[in-house]
Amino acid sequence: MDDDTAARDDTCVPAPGPHDGDWLDAEQQRAWRAYLVGTTLLMDRLDRELREQHRISLPEYEILVRLSEADRHRMRMAELADSVSHSRSRVTHTVSRMEAAGLVARDACLSDGRGVEAVLTDEGQATLEAAAPTHVAGVRRVLVDVASHDDFAAVGGVFDAVTDALIVGNPALDIR
């Protein structure tokens, strides 16, 4: 091991170079990695609970939520895709699966008849109402209740700032 290697710690910080001020310090790196691992585990857990207890995925649940909150429980497919930050083709595939399960239907756009809208069915609404307590309990159990009130508020503050800085590119995502 050379002197440069020995001088670096174990935080995956590259050797000194022209952009030294751009690298995360050890505390920032640890926090970033905790965020990455934590969000992956959180989303996987929430998805697994919905699949096991209600036979829907977390992305399907999010589509049901968006439709339930939309005017007349319907949204243009493109708007729906934007609101859940998925590609149009991914949302089309997911909505097709949900349509086959009777959770949503597709219909001509009410405003102009040219576009296609996803429409929440009665079965989709019932599925959402059954799944919502499971989802909320999971969010509370594995996120809200493991943080202090102040820490949870700080997380909200950080992501409000992140959202404010980035939402310009996709305002349909702002469901706050």
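**View 1. The residues around the centre of the largest pocket.** In this predicted model, Thr 39, Leu 42, Met 43, Leu 143 and Phe 159 are the lining residues that lie nearest the centre of the largest pocket. They belong to a lining of 46 residues. The volume of this pocket comes to about 2000 Å³. Sorted by class, the lining has 28 nonpolar residues, eight polar ones and ten charged ones. Look for four helices here: α2, α3, α6 and α7 (149-166) each give the lining at least two residues.

**View 2. Where helix α2 meets helix α3.** Two of those helices get a close-up of their own. Helix α2 covers residues 26-54 and helix α3 covers residues 58-69. Their axes pass 8 Å apart, and the packing angle is about 80°. Angles of 65 to 115 degrees count as roughly perpendicular, so that is how α2 and α3 sit relative to each other.

View 3. Now move to helix α6, which runs over residues 122-142 and includes Thr 127. Is Thr 127 buried or exposed? Its relative accessibility is 16%, and the cut-off for buried is under 20%, so Thr 127 counts as buried. Which residues does Thr 127 touch, if you skip its neighbours within four places in sequence? They are Ile 56, Leu 64 and Leu 103.

**View 4. Glu 79 on helix α4.** Helix α4 takes in residues 77-84, and Glu 79 is one of them. Glu 79 has a relative accessible area of 41%, so it's partly exposed. Glu 117 is 38 residues away from Glu 79 along the chain, yet their C-alpha atoms are separated by 9.0 Å.

**View 5. Stepping back to the protein chain.** To place the close-ups, here's the overall layout. The protein chain has seven helices and three strands, and along the sequence they come in the order α-α-α-β-α-α-β-β-α-α. Of its 176 residues, 26% are buried, Thr 127 being one of the buried ones. Taking contacts between residues at least 6 apart in sequence, 49% link residues at least 24 apart.

Note on methods: Residues are numbered from 1 along each chain as its sequence is written. This is a predicted model: local features need pLDDT of at least 70, side-chain atom pairs count only at pLDDT 80 or more; totals for chains, interfaces and linings use all residues. Side-chain values use heavy atoms; hydrogens and water are left out. Buried means under 20% relative accessible area, exposed over 50%, partly exposed in between (1.4 Å probe, protein chains only). Axes are lines fitted to C-alpha atoms, for helices over the stretch in contact, and angles run from 0 to 180 degrees between N-to-C directions. Angles under 35 degrees count as roughly parallel, over 145 as roughly antiparallel, 65 to 115 as roughly perpendicular and the rest as oblique. Contact means heavy atoms within 4.5 Å. On a 1 Å grid over the protein atoms alone, a cavity is a set of points where a 1.4 Å probe fits but cannot get out, and a pocket is an open set with protein on both sides within 12 Å along at least five of seven lines; lining residues have an atom within 4 Å of a point. Grid points are joined across faces, edges and corners, and a volume is the space filled by probe spheres set on the points. Ala, Val, Leu, Ile, Met, Phe, Trp, Tyr, Cys and Pro count as nonpolar, Asp, Glu, Lys and Arg as charged, and the others, Gly among them, as polar.
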